Amino acid sequence: MNETAQKPSIEIRRMLESDKPKVLELIAEARGDALSPEERAERGFIQGTVNEGLLDAALTGPGIYLAVSGDEVAGFVMSWGPEQIGEQNRVGTESLRLAAEAFPGSRVFMSGPVAISERFQGQGLYRKMASARDAALAGDFQCAVQFVDTANVKSLNVHRHMGMTELEQFEANGSQFVPFAYAL
């Protein structure tokens with residue numbers, strides 16, 4: 001008799017303070033620091049520095065949404081209010097500006113970074129986490145924007161597949177970025 005492997009049940013919820021150690025483990029996994037540039041492009045990677053201080057800051061704004069399977073954090077998507085994006089964050093401020101131009105009159109929040117454990121990829125978790133987050137934030141925001149380093153080929157492909165509006169590419173900090181926006 002053939003038994004089909006049952007997919008683990010996934011809960012989508014807002015991150016709690018007690019989730020930090022497991023989220024930090026997933027961040028370490030998703031950085032891809034030990035991979036070659038080609039492997040990182042193919043597998044995807046978290047851009048920039050994401051540490052405990054950044055998690056604490058994200059928890060004070062629109063929040064971090066998790067995909068949880070049992071006691072394992074399968075994935076997360078961070079969210080930032082425009083007031084949390086400092087002027088020194090050129091990539092964030094430019095992405096917010098471009099989204100505000102593309103969706104006039106909308107209050108825009110920054111989405112990302114996103115990470116999904118390799119074991120749980122291909123199950124639509126990004127879409128599920130973003131949908132839960134967007135439903136929770138829809139009273140305060142009308143648009144989301146996120147940016148992708150052009151070296152992150154997997155992430156570019158995911159965002160294009162999801163049908164987001166691709167905004168004007170720009171250069172910052174020696175890298176090229178593509179912002180993606182969508183109405184909630």
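Student: What is the handedness of the crossing of α1 and α3?

Tutor: This is a predicted model, and in it α1 and α3 make a right-handed crossing.

Student: Within what distance do the two axes come, and at what angle do they cross?

Tutor: The axes of α1 (residues 20-31) and α3 (residues 52-59) come within 11 Å, and the crossing angle is roughly 120 degrees. Because angles of 65 to 115 degrees count as roughly perpendicular and those over 145 as roughly antiparallel, α1 is oblique to α3.

Student: Which residues meet there?

Tutor: From α1, Lys20, Val23, Leu24 and Ile27 meet Glu52, Leu55 and Asp56 of α3. By class, the residues of this contact are four nonpolar, three charged and no polar.

Student: Turning to α4, which of its residues are buried?

Tutor: They are Val91, Gly92, Glu94, Ser95, Leu96, Leu98 and Ala99.

Student: And what covers them?

Tutor: The cover includes the strands β4 (108-116), β5 (143-149), β7 (170-172) and β8 (175-183).

Student: How far apart are the end C-alpha atoms of α4?

Tutor: They are 18 Å apart, which agrees with the 18 Å that the 13 residues of α4 (residues 90-102) should span at 1.5 Å a residue.

Student: One more topic: where does Lys128 lie?

Tutor: Lys128 belongs to helix α5 (residues 125-137). Its relative accessible area is 45%, so Lys128 counts as partly exposed.

Student: What is Lys128 in contact with, beyond its neighbours within four places in sequence?

Tutor: Lys128 is in contact with Ile12 and Gln123.

Note on methods
Residues are numbered from 1 along each chain as its sequence is written. This is a predicted model: local features need pLDDT of at least 70, side-chain atom pairs count only at pLDDT 80 or more; totals for chains, interfaces and linings use all residues. Side-chain values use heavy atoms; hydrogens and water are left out. Axes are lines fitted to C-alpha atoms, for helices over the stretch in contact, and angles run from 0 to 180 degrees between N-to-C directions. Helices (H or I, at least four residues) and strands (E, at least two) are DSSP runs, numbered from the N terminus. Angles under 35 degrees count as roughly parallel, over 145 as roughly antiparallel, 65 to 115 as roughly perpendicular and the rest as oblique. A crossing is left-handed if the near helix is turned anticlockwise from the far one by less than a right angle, and right-handed if clockwise. Contact means heavy atoms within 4.5 Å. Ala, Val, Leu, Ile, Met, Phe, Trp, Tyr, Cys and Pro count as nonpolar, Asp, Glu, Lys and Arg as charged, and the others, Gly among them, as polar. The expected span of a helix is 1.5 Å times one less than its number of residues. Buried means under 20% relative accessible area, exposed over 50%, partly exposed in between (1.4 Å probe, protein chains only).
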